[in-house]
Protein chains: 2
Amino acid sequence: MKEEFRLDNQLCFRLYTASRLLTQAYNPLLSAHGLTYPQYLVLLVLWENDAQPVNDIAKRLCLETNTVTPLVQRMEKQGIVTRAKGTNDARQIIVSLTDKGQQLQTALTDVPLAVGGAIACKSLTPETVPALFQTLDDMIAQLKKNLKRDT
Amino acid sequence: MKEEFRLDNQLCFRLYTASRLLTQAYNPLLSAHGLTYPQYLVLLVLWENDAQPVNDIAKRLCLETNTVTPLVQRMEKQGIVTRAKGTNDARQIIVSLTDKGQQLQTALTDVPLAVGGAIACKSLTPETVPALFQTLDDMIAQLKKNLKRDT
DNA sequence: GTTATTTATATCGTTCGCGATACAAAAGTA
DNA sequence: TACTTTTGTATCGCGAACGATATAAATAAC
């Protein structure tokens, strides 16, 4: 049995598990407001910059538009966002927050702190987190470059 | 705009993105053999210990059995594993590798190295990886504890 | 100005991932 | 033994993710 095949040596499995479990920690907090985690991410993007085309949202979240389109359509049905044809470019669909979407920012104020509590452990300190962020950002940049190259 | 809502301050988004992109790096290598990444994870588990009940596989991968059951059913259809009723406990379904499943280990020998190449970056060195693994393992353990508690 | 190419979004099909639920086998209890 | 509870697996439904494909609008090429 090759050492590289051991599950305990897999970086990807760790990321995959950490990502899923951390998302699960968000779930009760978000579903109380009828949201899923990817929908919450779209909200984060729009709270930073309202009225963006689908493509910009997808790029910001490193998702394909065929993932974001139905996601945003569901959010439109819930009255969280509106979708309108772009004026400059008629191909674009501009996604904007409704009042309800804006107000969710207030309703979800406690979410970051609550999730922070669920994840708090001795390996995550103000000293270690920046290095962790740096490593993940570096990995993500590297993967983006390599994945794009194969297209 | 609260600082905690900024996408660039989100650990979960980084993990989510890194996990997805790294899985995408596996994809061409795995799909060449008709496999998906979660199916590859099941293989890793069975290569370590053949003939395990669905529940043990699910626990090892931190997945629910209702995720693993259809996953393994698809692998059975492909002739990679067999599913047989347990002898001690008639409720269990024991999942075992077929010859084809065993041989995939040889066919996929180069996968870990190839993925390692796609992810190689200056933040991932023999010095930093152990700390990264430790942090992720610590986070995962913490999340498991907290998620279980809410049940 | 017409044609070819690219770009932005959408639709379709398949696989995950998981909450909710169902059901039979096993274990515990009266 | 009869009854209750727990456990292992499966089914159902829904929301991601994403490859493949379609379509219209914008851009480039000629």
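Predicted model: local features only at pLDDT ≥ 70, side-chain atom pairs only at ≥ 80, totals over all residues.
1. Arg14(A) counts as buried, since its relative accessibility is 9% and the cut-off for buried is under 20% relative accessible area.

2. The side chain of Arg14(A) meets that of Asp137(B) in a salt bridge, with 2.7 Å from N to O. This pair crosses between chains, running from helix α7 (residues 129-149) of chain B, where Asp137(B) sits, to helix α1 of chain A, where Arg14(A) sits. Asp137(B), for its part, is partly exposed, at a relative accessible area of 33%.

3. A salt bridge also forms between Asp8(A) and Arg60(B), whose closest N and O atoms are 3.5 Å apart. Because Asp8(A) belongs to the segment before α1 (11-31) of chain A, while Arg60(B) belongs to helix α3 (residues 54-61) of chain B, this pair joins two chains. Asp8(A) is partly exposed, with a relative accessible area of 38%, and Arg60(B) is likewise partly exposed, at 29% relative accessibility.

4. Arg60(B) forms a salt bridge with Glu48(B) as well, the closest N and O atoms here being 3.3 Å apart. This pair links distant parts of the chain, for Glu48(B) lies in helix α2 (residues 37-48) of chain B and Arg60(B) in helix α3 of chain B, 12 residues apart.

Conventions:
Residues numbered from 1 in each chain as written. Chains lettered and ligands numbered in written order. Heavy atoms only, no water. Salt bridge = Lys/Arg side-chain N within 4 Å of Asp/Glu carboxyl O. Helix = DSSP H or I, 4+ residues; strand = E, 2+ residues; numbered from the N terminus. Buried < 20%, exposed > 50% of the residue type's maximum accessible area, 1.4 Å probe, protein only.
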